[in-house]
Amino acid sequence: MSSPCWPRPNGSSASAATEPSPPAVRPAGSFPVGPGAGSVRRVIDAHHHLWDLAARQHRWLMGGQAWATDDELARLRRSFTLADLAPLAAEAGVTGTVVIQTAAEPWETPDLLALAAGRDPYAASGRAGGAGPPGGGGPAGDGDEPAAAGGLLAGVVGWIDLAAPAVADAVAGLRAQPGGEFLCGIRHPVLAEPDPGWLARPAVLRGLRALAAEGLAFDLVTLPHQLPAAVTAAGSVPELTFVLDHLGGPPADSGQEATAGPWASAIRRLAALPNVTCKLSGAHTSPARAGDLRPYYETVLAAFGPGRLMFGSDWPVSTLAAAYRQVCDVYRELTAELSAAEQDAIFERTARRVYRLREPERTRQHGR
C-alpha cells in the first residue's frame with residue numbers, strides 16, 4: 001500500500017481538473033517567471049507519479065488513505081501514463097522529471113526504471129487498449145527544448161523494504177535492472193505506518209545508512225505527527241540526504257500554524273540539519289492559488305533557503321486541485337521575486353544535485 005501525496009492545506013475536496021488545451025502562444029523551452037526576473041531555461045519536475053491500471057493493480061487507490069477521501073481516490077482511479085504527462089510537461093516548459101514511487105510493492109520500481117530506459121515494461125502483459133511503447137530513455141532533453149516522452153524521465157525514486165537486513169543487496173538488484181542507472185532515491189510511505197516513531201527504529205536507521213552508502217537520497221512523506229521521528233532519523237544519519245516531500249504536510253486551515261505551531265517548529269528543526277532539503281509540492285489548494293500557499297512557502301523558504309528547495313508538480317494527484325500548467329504557475333508566482341539564480345536552484349539545480357541527475361549532453365560539452 002502507499003500514499004503518493006498530502007492533501008491541500010485547505011482540506012477541501014475537488015473534482016479532478018481537466019487538463020486544458022495548450023494556449024495559442026507559449027514560449028517554447030522556457031518557464032515564465034516574474035517581471036524583470038528573467039526565465040528559467042531548464043525545469044526539473046522533481047515529483048510526479050505514473051500508474052497504468054490496465055497492467056498493474058494499485059491497491060492503495062481502493063480507499064482507506066489518511067491523505068485523501070475515498071471520493072478523491074475514485075477520481076484518480078484511472079491510468080496516468082508517461083504518454084499523458086509528456087505533452088503537459090512540454091507545454092509547461094518542463095525539460096525533465098523525477099518519477100516517485102506510489103506502491104510499496106517489489107514490481108513497481110523495476111517498471112519505472114524500464115520506463116526511464118525507454119522500454120515498455122508491460123509489452124508482454126496484454127495491456128488493455130494495446131498501448132505502444134511509453135517513451136523515456138536517456139537524460140532529459142538537450143537543455144534547450146521542453147522534453148517530449150523520449151528522454152523526459154531523468155530519475156526514479158523507488159521503493160525497497162528499509163527494515164530488511166539486506167538493503168544494499170536490494171539496491172544492487174534494482175541497479176542491475178534495465179534502467180538501473182536512473183535510480184536516484186528511495187521512498188517509503190511512512191504516513192501509512194501506524195507507529196509514529198517508525199523512522200527512528202534501529203532496523204530502519206540501519207537501512208537508511210545503507211542507502212547513504214549506496215549514494216541514494218531518501219524521500220520523506222509523513223503526516224505532521226511523524227515529523228519528530230523524521231528529525232531523529234535525519235539527525236542520526238547525517239551522511240544521507242533526506243528530501244521532505246510536500247512541505248512536510250502543512251496542517252489544514254491553520255492560519256497562524258504556518259508560522260507558529262508544531263508544523264512550523266518541525267520544519268525549522270529539519271531545516272537546521274544540513275542534510276535535509278524540501279520539495280515545493282503536493283500542497284496545492286483547490287482552486288490552486290498562490291496566495292493560499294504563500295504562508296507555508298514563506299516558512300520553508302526562510303527555513304531552508306532557495307538552495308535547499310525544489311519544485312515538484314505531484315501530478316497526477318495534483319489534478320484533484322488544478323491542471324498541470326496551473327500547478328507550475330502557482331510556483332512561478334510564488335518564486336517570482338527571487339533572483340534568477342535562486343529560481344534556477346528551485347526549478348533545476350537542487351533536484352539535479354540532490355538526486356545526482358546527469359547533466360544534459362549539451363551542458364556537459366559546453367557548460368551552462
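In helix α2 (residues 82-91), the residues L82, L85, A86, L88, A89 and E91 are buried, where buried means under 20% relative accessible area, exposed over 50%, and partly exposed in between (1.4 Å probe, protein chains only). Helices (H or I, at least four residues) and strands (E, at least two) are DSSP runs, numbered from the N terminus. The structure is a predicted model, in which local features need pLDDT of at least 70, side-chain atom pairs count only at pLDDT 80 or more, and totals for chains, interfaces and linings use all residues. Residues are numbered from 1 along each chain as its sequence is written, and side-chain values use heavy atoms, with hydrogens and water left out.

The buried residues of α2 pack against β3 (44-48), β5 and α9 (324-334). Just after α2, G93 has a positive phi of about 80°.

The protein chain contains eleven helices and ten strands. Of its 368 residues, 57% count as buried. Contact means heavy atoms within 4.5 Å. Among contacts in the protein chain between residues at least 6 apart in sequence, 81% join residues at least 24 apart.

The average pLDDT of the protein chain is 82, and 77% of the residues score at least 70; pLDDT is the predictor's confidence in each residue, from 0 to 100. Over residues 6-38 the pLDDT is below 50, and this stretch has 94 contacts in the model beyond near neighbours in sequence. Over residues 128-148 the pLDDT is also below 50, with 69 contacts in the model beyond near neighbours in sequence.

Eight strands form an open sheet with parallel pairing, in the order β3-β4-β5-β6-β7-β8-β9-β10. Two strands pair if DSSP finds at least two bridges between them. The edge strands, β3 and β10 (309-311), each pair on one side only. From one strand to the next, the twist averages 25°.

Within this sheet, strand β6 (residues 183-188) is mostly covered, as six of its six residues are buried. Strand β5 (residues 153-158) runs parallel to β6 and is joined to β6 by three bridges. In β6, I186 is the bridge partner of G158, and G185 is that of V157. Four bridges join β6 to strand β7 (residues 217-220), again in parallel. There, F218 of β7 is the bridge partner of I186.

A right-handed β-α-β unit is made by β5, helix α4 (residues 167-175) and β6. The chain then crosses from β6 through helix α5 (residues 202-213) to β7, and this β-α-β crossover is right-handed. A crossover is right-handed if, with the strands pointing away from the viewer, the path from the first strand over the helix to the second runs clockwise.

Two packed helices are described by the angle between their axes and the distance between the axes. Helix α6 (residues 227-236) packs with helix α7 (residues 262-271) at an angle of about 5°, and their axes are 10 Å apart. That angle makes α6 roughly parallel to α7. The contact involves L227, A230 and V231 of α6 and W263, A266, R269 and L270 of α7. Axes are lines fitted to C-alpha atoms, for helices over the stretch in contact, and angles run from 0 to 180 degrees between N-to-C directions. Angles under 35 degrees count as roughly parallel, over 145 as roughly antiparallel, 65 to 115 as roughly perpendicular and the rest as oblique.
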